[in-house]
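Morning, everyone. Let me put the model up, and then we'll go through its cavities, pockets and cores.

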Amino acid sequence: MRIIFRSTMLMIISLVVSAYVFAAVKPHALFTDGCVLQQGMPVPVWGWAGDGENVTVELQGQKVSTVASGGKWMVTLKSLKAGGPFQMTISGTNTVTLKNVLVGEVWLCSGQSNMEWRMSQTTNAKEDIAAANYPKIRLFTVPRNPIDTPQTDVKGDWKECSPETVASFSAVGYFFGRALQLARQGVPVGLINSSYGGTPSEAWTSSGVVAGDPNFSGIRDSYAKALAVWPENKAKYEAAMEKYKQDAADAKAAGKPAPAAPQRAMGPEHQSRPSGLYNGMIAPLVPYALRGAIWYQGESNANRAYEYRSIFPAMIEDWRKAWGSEMTFLFVQLAPYAPPAAGTWPELREAQLMSLRLPKTGMAVITDVGEEKDIHPKQKQPVGERLALAARAITYGEKIEYSGPIYSGMKIEGSRAVLSFKHVGGGLVAKGDKLTGFTIAGADQKFVPADAEIKGDKIIVTSAQVAQPVAVRFGWENWPVLNFWNKAGLPATPFRTDDFPMVTAPRQQ
């Protein structure tokens, strides 16, 4: 009888504990000590609790309540004022108290390896890290998580920006946040880094968009073929990894460099699979209130640049639809780089430039900070600071120049091509004796090096080899060496005036 009684009591205690755990109010991981909430707009706050549980959120004199349904709850705080630190309480059967909460500007930092690139890997890393004492800049890093289905939560926490915390954070993100805070009288800044090296744009786009757009049939077909052979390729990869581990151990014992690791087979767990990173690293952030996003990606789509004209703008609009707002979206144009094989980086840069047709977008041109033999330029400070310039102008309405010259039109006058530009920025400048990087072509579509001269806010392009020009290109190389800027101190974007067939365009049947 005693045994039965003891078992019954244990069962009752277990059920009570289980019910309490299930009913306990739990906020989403973004709502932790030290978080930054967006000022000046409605702020959703959400999480989990038992069905029917009353949940109340209190902050800045606001007190908003709701009833959990389906194990979930969400409230929306009215517009908050910048400042802090504040304390926020979330209460139900239990109370969660968030301390050191700031209200300011929140930005999502995303893309592939050049956004993921850590402060510890940059030029002047030691000095910049040592000086990174900005307690009102907060950092949140989303763990890598490619996955088949959209997720609702992430792991992680907010950290105050300091020499101890910034070293492993996105360098572009940090330099952007620092420049933004310095320009905006110390307003708190929250940076959410959600990036993954070596990944294409379609990995960051929702399955509804990838599956529903006829422009992305190539993406769908390629992945379907990969899935068909995935079990076989997975087995080959696992065998290759075992051999690699042994070979690496042997190389280490012999004091030799380790061999290259095998590439993981494309499949449901691969970081580049369509929508996988959206599911695991973007969807769980929605609808956390943001001012905008900064983006550094494109390298993994360079061999499909024509397709990028569609998939990249579709991704931007996909995110905006998910958040229910036309948030600012700022991106980095690819730096100069000479890939080992013949590449199509000029066409990818053009696709990025064309994406500026979307409202509230801006592009940071970095033709001056590339590294010919390294796809990861170490100078990240100019990248982040130019993105911040764009944010200050496009998002916050400052009357400043934020872009280098952008081609706007061409007029042929005999043997001369006369080019016009937007974003003249006080005047056009050649950093050197004469402009470099211009080529010109006649009706034969054969481009030759050209002479280019600044005349007021125009550039005159000519060549003794082309009597009747029809097209001009600037910086149309993987690794262009350029010196065309404006007086605001910003480099011009590469461009072409023609619409000749692209290397990456679909072939006509």
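First, a term. A cavity, on a 1 Å grid over the protein atoms alone, is a set of points where a 1.4 Å probe fits but cannot get out. Lining residues have an atom within 4 Å of a point. Points are joined across faces, edges and corners, and a volume is the space filled by probe spheres set on them.

Some ground rules. This is a predicted model, where local features need pLDDT of at least 70, side-chain atom pairs count only at pLDDT 80 or more, and totals for chains, interfaces and linings use all residues. Residues are numbered from 1 along each chain as its sequence is written, and side-chain values use heavy atoms, with hydrogens and water left out.

Cavities, then. There are three of 30 Å³ or more. The largest cavity comes to about 40 Å³. Its lining includes Thr 367, Asp 368, Phe 474 and Trp 485. By class, that lining is six nonpolar, two polar and one charged. Nonpolar here is Ala, Val, Leu, Ile, Met, Phe, Trp, Tyr, Cys and Pro; charged is Asp, Glu, Lys and Arg; the others, Gly among them, are polar.

Next, pockets. A pocket is an open set of points with protein on both sides within 12 Å along at least five of seven lines. The largest pocket has a volume of about 480 Å³. It has 21 lining residues, and Pro 200, Glu 202, Ser 300, Asn 303 and Arg 304 are the closest to its centre. Helix α7, residues 217–228, gives the largest share of that lining, four residues. Helices are DSSP runs of H or I, at least four residues; strands are runs of E, at least two.

Sixteen residues line it, with Arg 118, Thr 141, Ser 168, Phe 169 and Asn 193 nearest its centre. Strand β9 gives the most to this lining, three residues. The classes here are five nonpolar, six polar and five charged.

Last, the cores. A nonpolar core is a set of buried Ala, Val, Leu, Ile, Met, Phe, Trp, Tyr and Cys residues joined through side-chain atoms within 4.5 Å. Buried means under 20% relative accessible area, with a 1.4 Å probe and protein chains only. The largest core has 110 residues, and Leu 37, Met 88, Ile 192, Tyr 288 and Trp 319 have the most contacts inside it. A second, separate core of 20 residues includes Leu 419, Ile 440, Val 448 and Leu 482. Leu 482 also lines the largest cavity.

Conventions
Buried < 20%, exposed > 50% of the residue type's maximum accessible area, 1.4 Å probe, protein only.
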